[in-house]
Amino acid sequence: MKPLSYPSYLKLPELLALQEPKTQPAHLDEMQFIIVHQAFELWFKLVLHELDEAFAAMGRGDLREATHLVRRITQIERLWIDQIHILETMRPTDFLRFRAVLTPASGLQSSQFREIEYASGLKEPRYLQLHNADPAALKRLEARLKAPSLWDAFLGVLAKAGLDAGAGRAKSLQAIHADPRHEALRDLAEALIEYDEYLALWRAHHIHMVSRMIGGKPGTGYKLVTSTLKGSEPMGAQGVDYLASTLTKKCFPELWEARTFLEKP
């Protein structure tokens, strides 16, 4: 057997052959655009891997491990924010030189990012329609849509701790901050809040990057999205307008709301 090497372990020849600019001759910034987005998809894959492990840890009552994993995901989200600004090193006019070749592709077609949203509790079934042409992705998304979310898993942890996870859970969410016996639960709740916060921060940075690149232009997938999502609420220009509409999304609104009613210990 051939000894393992760094390139063979990481499959570098295959990985480095996956960047295929569509412009002829290839535009300098198209290579950057492809690599940055491929890197995002690799990070999305890792986040899904860590989320599944966090679900398993919560299921077996290992709150320390679950908190550790959620915090690791937050570190990845911090990296997303830095990574999105690499795209801002492109001049808008340079982006326009190859933007047309992207049509009708759209970031809304990222099935992995949608899986992350579904796993986090942001379950909008209408987006399934964007993946009808990819049976494997559609199957994964349908499974995530039906499966318990992070919030469901957290409520399960609340119940196992003897706290009300049903109609009276607002009091439970306040109690974990006040009772030292629930320190592990409080730490997990704080990790989930931070995860939610950095997901929102990434959205905000993404919006500013897109606005800086294309202003108020429609997204490259505008026609695809508007034709596919017939019967759904309008998505604006499916560019900055659509992205701005996602800023109010929260994965764990009840964890945020609990802070309103916390009192001095």
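Biologist: Is the crossing of helix 3 and helix 8 left-handed or right-handed?

Modeller: Please keep in mind that this is a predicted model. The crossing of helix 3 and helix 8 is left-handed. The residues that make this contact are Leu 51, Phe 55, Met 58 and Gly 59 on the side of helix 3, and Leu 150, Ala 153, Phe 154, Val 157 and Lys 160 on the side of helix 8.

Biologist: At what angle do helix 3 and helix 8 pack, and how far apart are their axes?

Modeller: In general, two packed helices are described by the angle between their axes and by the distance between those axes. Here the angle is about 20°, and the axes of helix 3 and helix 8, the latter covering residues 150-160, are 9 Å apart. Angles under 35 degrees count as roughly parallel, and helix 3 and helix 8 are therefore roughly parallel to each other.

Biologist: How does helix 3 pass helix 6, and at roughly what angle do their axes cross?

Modeller: The axes of helix 3 and helix 6 come within 9 Å and cross at roughly 25°. That angle makes helix 3 roughly parallel to helix 6, and the crossing is left-handed. Helix 3 brings Glu 41, Phe 44, Lys 45, Val 47, Leu 48, Leu 51 and Phe 55 to this contact, where they meet Gln 112, Phe 113, Glu 115, Ile 116 and Ala 119 of helix 6.

Biologist: Now to the charged side chains: how many salt bridges does the structure hold?

Modeller: The general idea is that side chains of opposite charge can pair when their charged atoms come close. The structure holds 18 salt bridges, and one of them joins the side chains of Glu 115 and Arg 144, with 2.8 Å from N to O. Glu 115 lies in helix 6 (residues 111-119) and Arg 144 in helix 7 (residues 135-146), so the pair ties together parts that are 29 residues apart in sequence.

Biologist: Are Glu 115 and Arg 144 buried or exposed?

Modeller: Both Glu 115 and Arg 144 are buried. For another setting, look at Glu 183 and Arg 186, whose closest N and O atoms are 3.7 Å apart in a salt bridge. These two residues both lie in helix 10 (residues 183-214), 3 residues apart, which is about one turn of the helix. Glu 183 counts as partly exposed at 43% relative accessibility, and Arg 186 is partly exposed as well, with a relative accessible area of 28%.

Biologist: Which residues do salt bridges with shared partners join into one network?

Modeller: That network consists of Arg 114, Glu 117, Glu 124, Arg 126, Arg 203 and Lys 249. Within it, Arg 126 forms a salt bridge with Glu 124, and their closest N and O atoms are 3.4 Å apart. Arg 126 is buried, with a relative accessible area of 17%, whereas Glu 124 counts as partly exposed at 22% relative accessibility.

Biologist: Turning to the backbone, is the peptide bond from Gln 24 to Pro 25 cis or trans?

Modeller: The bond from Gln 24 to Pro 25 is cis, with omega near -5°, and Pro 25 is found in the loop between helix 2 and helix 3. The bond from Thr 103 to Pro 104 is also cis, with omega near 5°, and Pro 104 is in the loop between helix 5 and helix 6.

Biologist: Is the phi of Lys 11 positive or negative?

Modeller: Phi of Lys 11 is near 50°, a positive value in a residue other than glycine. Lys 11 lies in the loop between helix 1 and helix 2, and Lys 11 is exposed, with a relative accessible area of 52%.

Key: Residues numbered from 1 in each chain as written. Predicted model: local features only at pLDDT ≥ 70, side-chain atom pairs only at ≥ 80, totals over all residues. Heavy atoms only, no water. Salt bridge = Lys/Arg side-chain N within 4 Å of Asp/Glu carboxyl O. Helix = DSSP H or I, 4+ residues; strand = E, 2+ residues; numbered from the N terminus. Buried < 20%, exposed > 50% of the residue type's maximum accessible area, 1.4 Å probe, protein only. Axes fitted to C-alpha atoms, helices over the stretch in contact; angles between N-to-C directions. Parallel < 35°, antiparallel > 145°, perpendicular 65-115°, else oblique. Left-handed = near helix turned anticlockwise from the far one by under 90°. Contact = heavy atoms within 4.5 Å.
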